[in-house]
Amino acid sequence: MLSALIIILREVLEAGLIISALLAAARIKTIATRGLVIGLLLGLLGALAVAYSMDAISNAGDGVGQELLNAALDAAIIVLLIACSASALSARQHALWSWGAAGAIACAVAREFSEIAIYASSFSANFAAFMPVLIGGTI
């Protein structure tokens with residue numbers, strides 16, 4: 001149960017760090033957070049899609065598909081955060097900032113929450129082993 005708690009907490013904190021930084025920036029720049037909420041929802045849908053098709057993703061690229069996907073999502077997060085930083089300099093580019101932030105949040109949430117789904121699904125065949133994961137994740 002403790003290992004499940006630590007793994008799930010780490011993944012949530014990784015995504016939460018990006019989300020909280022962008023929420024703080026939106027508040028400072030007085031930008032609407034609607035795009036950030038859209039990014040969060042798209043990220044959750046993306047996480048479900050990635051977790052559902054993980055067999056095909058893992059087998060892609062001679063068995064390193066998951067690592068390639070994680071690297072691509074990390075690169076997308078970095079590029080989108082750089083675009084947000086550049087557009088934050090201009091007061092007229094709030095829409096570009098919102099879309100860049102939404103994309104960064106979607107990529108971060110998809111990456112981290114798909115890892116949680118993969119971790120939890122590895123215990124789904126054995127209910128006795130799955131209960132500590134559910135309890136640890138709930139905490």
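Buried means under 20% relative accessible area. That cut-off is used in the views below, which show a predicted model.

**View 1**
Cysteine 84 has a relative accessibility of 2%. This value is under the 20% cut-off, so cysteine 84 counts as buried. Cysteine 107 has a relative accessible area of 14%. Cysteine 107 is therefore buried as well. How many disulfides does the model hold? The count comes to zero.

The largest nonpolar core has 16 residues. Which of them touch the most other members? They are Leu22, Leu36, Trp97, Ala101 and Ile105. Helix 1 (2–28), helix 4 (65–87) and helix 5 each give at least two residues to this core. Helix 5 provides the largest share, with seven residues.

**View 1. Leucine 22 and its contacts.**
Here neighbours within four places in sequence are left aside. What does leucine 22 contact then? Its partners are Leu36, Leu81, Trp97, Ala101, Ala104 and Ile105. Among these, Leu36, Trp97, Ala101 and Ile105 are also listed with Leu22 as touching the most other core members.

**View 2. Glutamate 112, a residue of helix 5.**
Glutamate 112 sits in helix 5, which covers residues 94–121. Is glutamate 112 buried or exposed? Its relative accessible area is 6%, so glutamate 112 is buried. Apart from neighbours within four places in sequence, glutamate 112 is in contact with Glu11, Glu14 and Ala15.

Val37, Leu40, Leu41 and Leu44 make a nonpolar surface patch. The patch is about 320 Å². One of its members, leucine 40, lies in helix 2 (residues 34–52). The relative accessible area of leucine 40 is 34%. Exposed means over 50%, and buried means under 20%. The value for leucine 40 lies in between, so this residue is partly exposed.

Aspartate 55 belongs to helix 3 (residues 54–63). Why does aspartate 55 count as exposed? Its relative accessibility is 64%, and exposed means over 50%. Glutamine 66 is eleven residues from aspartate 55 in sequence. In space, the two are 9.3 Å apart, C-alpha to C-alpha.

Notes. Residues are numbered from 1 along each chain as its sequence is written. This is a predicted model: local features need pLDDT of at least 70, side-chain atom pairs count only at pLDDT 80 or more; totals for chains, interfaces and linings use all residues. Side-chain values use heavy atoms; hydrogens and water are left out. A disulfide is a pair of cysteine sulfur atoms within 2.5 Å. Buried means under 20% relative accessible area, exposed over 50%, partly exposed in between (1.4 Å probe, protein chains only). Helices (H or I, at least four residues) and strands (E, at least two) are DSSP runs, numbered from the N terminus. Contact means heavy atoms within 4.5 Å. Patches are made of residues with over 30% relative accessible area and no salt bridge: like charges are joined within 9 Å, nonpolar side chains (Val, Leu, Ile, Met, Phe, Trp, Tyr) within 5 Å. Accessible areas come from the Shrake-Rupley method with a 1.4 Å probe; for residues, only the protein chains shown count as cover. A salt bridge is a side-chain nitrogen of Lys or Arg within 4 Å of a carboxyl oxygen of Asp or Glu. A nonpolar core is a set of buried Ala, Val, Leu, Ile, Met, Phe, Trp, Tyr and Cys residues joined through side-chain atoms within 4.5 Å.
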